[in-house]
Amino acid sequence: MRRAVLASLVGVLVVGVSVWWLTRDIPAQAPSPTAPADTADEAGAPVAANRAATAVAVAPASPAAAGLPPLDCALPETDVLRIGAVIVKAGELCLQIQAIAGPQTSPPSDAWQKQARQIRDQWVQAELVRQALHGAGGDVTEAEVDAQVAVVVARAAAKPGAAPVVATDPVLRSQIRARLELAKWLAIGGVAEPTESDLRNAYALDPDRYGQPAKATLLPFVLRVAAGADAAKVEEAKARADQFYGLVVAGTEPAEAAKTTGLAPLPAFDVEQGGVEPQLVEAALVQGAGKWLAPMQTKVGWVVARVQAVQPGAVLPFDQVRDRVKAMLAAGQGQQEKTKRLAELLAGTQVVDLVGW
């Protein structure tokens, strides 16, 4: 079990690098995705700045203050950070910042500075892990880095339209090395396997979590509303959705009602409890198959949907979901152990900012 947990951690860590590298052309200031959790790195160990920050706190960067010059990427030999006895130069850190956030402008934008602070925090964590791993005699080798770089290069080559990845790129290699070091360091000591009692207690606390969620098949009609639209446009869209709903409930053909109100038909799709737009499935369970759902405001705009089918949720017996309980419990214990050990590293090492962020 311990090997399975650690192998899973390593796999997610490496895949995270691939995702970051193959999507690094996404603007740094782009809003965070609102998609379901499958767009997130569930192992919770992201390194790249445009991924969600790790829950482990690192020594917070001090804001620019009197006596501390701001970070200046035009001066690569400037000392910018001290982590224990290790001095970090501006050139090292700026290489990663500018690969993600673009060149530093004068004055730097708020988005650029935010990226700089994130990468500074990630650098601190990576260096702490590197020092701890070296002390344990488990350094990551160039051969190990080469092997994972080859995986990323191959994935990029197989992805239609993806920009080519250069195996010698220093930022790519640095990111991969940091993830491999984190995985190898976490493997030292490992994570204890959950006991049978642990599994049964976890199941008893929330059996629904391991069962089959309720599902519904919906035939939607949508009026898209851009994120950040003013209140008048939102109200106008709501009024048109209300009009559509009134027409179809009264017996008007959906296609005719859509033409009258401007709503667009979409292909039927499935929703489930706990997934994207959970309010849709909750309403579907109440209304039942064949009924229309009243207009709802979702991430894409106002939606009116006909319930095509409903599949109620079901609680499954422990013996049927034992493996699922074990996997979820082990993943949670691994994350807790990682958070604890990283916090201990930080508490035992002095981190000093030498520039303002």
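In this predicted model, L81 has V88 as its bridge partner in strand β2. The pairing of strand β1 (residues 79-83) with β2 is antiparallel and runs over four bridges. Helix α2 (residues 90-101) packs on the sheet, where it touches both β1 and β2. The direction of helix α2 makes about 55° with that of β2.

The sheet itself is open and consists of three strands in the order β2-β1-β8, paired in the antiparallel sense. Strands β2 (86-89) and β8 (351-353) stand at the edges; each has a single partner strand, so one side of each is left without a neighbour in the sheet. From one strand to the next, the twist averages 20°.

T78 belongs to the loop between α1 (2-22) and β1. Is this residue buried, partly exposed or exposed? Its relative accessibility is 29%, and T78 therefore counts as partly exposed, since that class lies between the limits of 20% for buried and 50% for exposed. If residues up to four places away in sequence are not counted, T78 touches V88, K89, A90 and V355. One of these, V88, is ten residues from T78 along the chain, and the C-alpha atoms of the two are separated by 8.5 Å. A polar atom of the T78 side chain also lies 3.0 Å from the backbone oxygen of L75.

**Salt bridges**

Side chains of opposite charge can pair when their charged atoms come close. The count of salt bridges in this model comes to 13.

| Pair | N to O distance | Relative accessibility |
|---|---|---|
| D79 and K89 | 2.6 Å | D79 33%, K89 29% |
| R130 and E127 | 3.3 Å | R130 26%, E127 9% |
| R200 and E196 | 3.5 Å | R200 43%, E196 33% |

D79 lies in strand β1 and K89 in strand β2, so the pair ties together parts that are ten residues apart in sequence. D79 counts as partly exposed, and K89 is likewise classed as partly exposed. K89 is also among the residues that T78 touches.

The side chains of R130 and E127 form a salt bridge within a helix. Why are these two residues separated by about one helical turn? They are three residues apart in helix α3 (residues 110-135), and this spacing accounts for the separation. R130 counts as partly exposed, whereas E127 is buried, because its relative accessible area of 9% falls under the limit of 20%.

A further pair, R200 and E196, is joined by a salt bridge between the side chains. Both residues lie in helix α6 (residues 196-205), four residues apart, which is about one turn of the helix. R200 is partly exposed, and E196 also counts as partly exposed.

Salt bridges may also be linked to one another. Which residues are linked in a network of salt bridges? The network comprises E142, D146, R173 and R177.

Technical notes. Residues are numbered from 1 along each chain as its sequence is written. This is a predicted model: local features need pLDDT of at least 70, side-chain atom pairs count only at pLDDT 80 or more; totals for chains, interfaces and linings use all residues. Side-chain values use heavy atoms; hydrogens and water are left out. Two strands pair if DSSP finds at least two bridges between them. Axes are lines fitted to C-alpha atoms, for helices over the stretch in contact, and angles run from 0 to 180 degrees between N-to-C directions. Contact means heavy atoms within 4.5 Å. Buried means under 20% relative accessible area, exposed over 50%, partly exposed in between (1.4 Å probe, protein chains only). A polar contact is a pair of N or O atoms within 3.5 Å; within protein, one must be able to donate a hydrogen and the other to accept it, and residues adjacent in sequence count only if both atoms are side-chain atoms. A salt bridge is a side-chain nitrogen of Lys or Arg within 4 Å of a carboxyl oxygen of Asp or Glu.
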